[in-house]
Amino acid sequence: MIEKEHQFLKFLHSQFVNKTPQMLGLTLRYIPFEIKKRAIEQLLQLQFKNSLEDGDLDFLENRWLKIQVVDLQLIWFVSLIDNKLVVSREEIADVSFIGNANDLIMIATRRQDPDTLFFQRRLIVEGDTELGLYVKNLMDSIELETMPKFLRLTLEKLANIIQTSPSC
């Protein structure tokens with residue numbers, strides 16, 4: 001009986017990890033883009049404050065990075081304009097990064113390597129190869145300790161849930 005309960009709990013855990021992004025995506029669909037835009041811009045400004053001051057993001061000047069989180073049904077574009085990270089709903093992308101929420105969380109917490117996910121076709125990078133490499137190198141250079149505490153702790157808790165899922 002205990003084995004059946006254990007198997008059932010593993011099944012529930014797996015379903016939770018696999019289905020939650022889709023459910024969250026349905027909810028996020030009803031939040032106006034302007035609210036999502038402000039939240040994303042604030043997070044980006046917090047996360048990349050030092051990089052902006054040091055000029056590490058100059059490669060993004062007037063170029064558009066498309067970020068698409070497929071299972072959340074989220075798409076936004078990011079550029080550096082007047083030394084400020086700007087988010088837009090629709091632009092012509094110079095480079096696109098496309099993936100699922102769980103994989104992107106695992107990349108952000110250093111539990112998955114973007115190159116590995118790219119070769120497994122779980123992370124899709126399209127467009128300007130040089131710009132894509134700059135973005136990837138920027139992702140690789142982010143230290144978890146430099147993330148805003150609430151973001152780091154949230155991502156780490158989510159990564160723990162994802163990583164312990166039987167489906168991963």
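Buried means under 20% relative accessible area, exposed over 50% and partly exposed in between, with a 1.4 Å probe and protein chains only. The model is predicted: local features need pLDDT of at least 70 and side-chain atom pairs count only at pLDDT 80 or more, while totals for chains, interfaces and linings use all residues. Residues are numbered from 1 along each chain as its sequence is written, and side-chain values use heavy atoms, with hydrogens and water left out.

View 1. Ser51 lies in helix α3; helices (H or I, at least four residues) and strands (E, at least two) are DSSP runs, numbered from the N terminus. With a relative accessible area of 16%, Ser51 is buried. Apart from neighbours within four places in sequence, Ser51 is in contact with Asp56 and Leu57, where contact means heavy atoms within 4.5 Å.

**View 2. The aromatic pair of Phe59 and Tyr134.** The structure holds 2 aromatic pairs. Rings of Phe, Tyr and Trp (its six-membered ring) pair if their centres lie within 6.5 Å; planes under 30 degrees apart count as stacked, over 60 as edge-to-face and the rest as tilted. Phe59 and Tyr134 form a stacked pair, at 5.1 Å centre to centre and 15° between the planes. Phe59 is in the loop between α3 (49-54) and β1 (65-69), and Tyr134 is in helix α6 (residues 129-141), so the pair ties together parts that are 75 residues apart in sequence. Phe59 counts as buried at 15% relative accessibility, whereas Tyr134 is partly exposed, with a relative accessible area of 40%.

**View 3. The aromatic pair of Phe118 and Phe119.** Phe118 and Phe119 form an edge-to-face pair, with 5.3 Å centre to centre and 75° between the planes. Phe118 counts as partly exposed at 36% relative accessibility, and Phe119 as exposed at 66%.

**View 4. Packing of helices α4 and α7.** Helix α4 (residues 101-108) and helix α7 (residues 149-163) pack at an angle of about 120°, with their axes 9 Å apart. Axes are lines fitted to C-alpha atoms, for helices over the stretch in contact, and angles run from 0 to 180 degrees between N-to-C directions. The two helices, α4 and α7, are therefore oblique to each other; angles under 35 degrees count as roughly parallel, over 145 as roughly antiparallel, 65 to 115 as roughly perpendicular and the rest as oblique. Asn102, Ile105, Met106 and Ala108 in α4 meet Leu155, Leu158, Ala159, Ile162 and Gln163 in α7.
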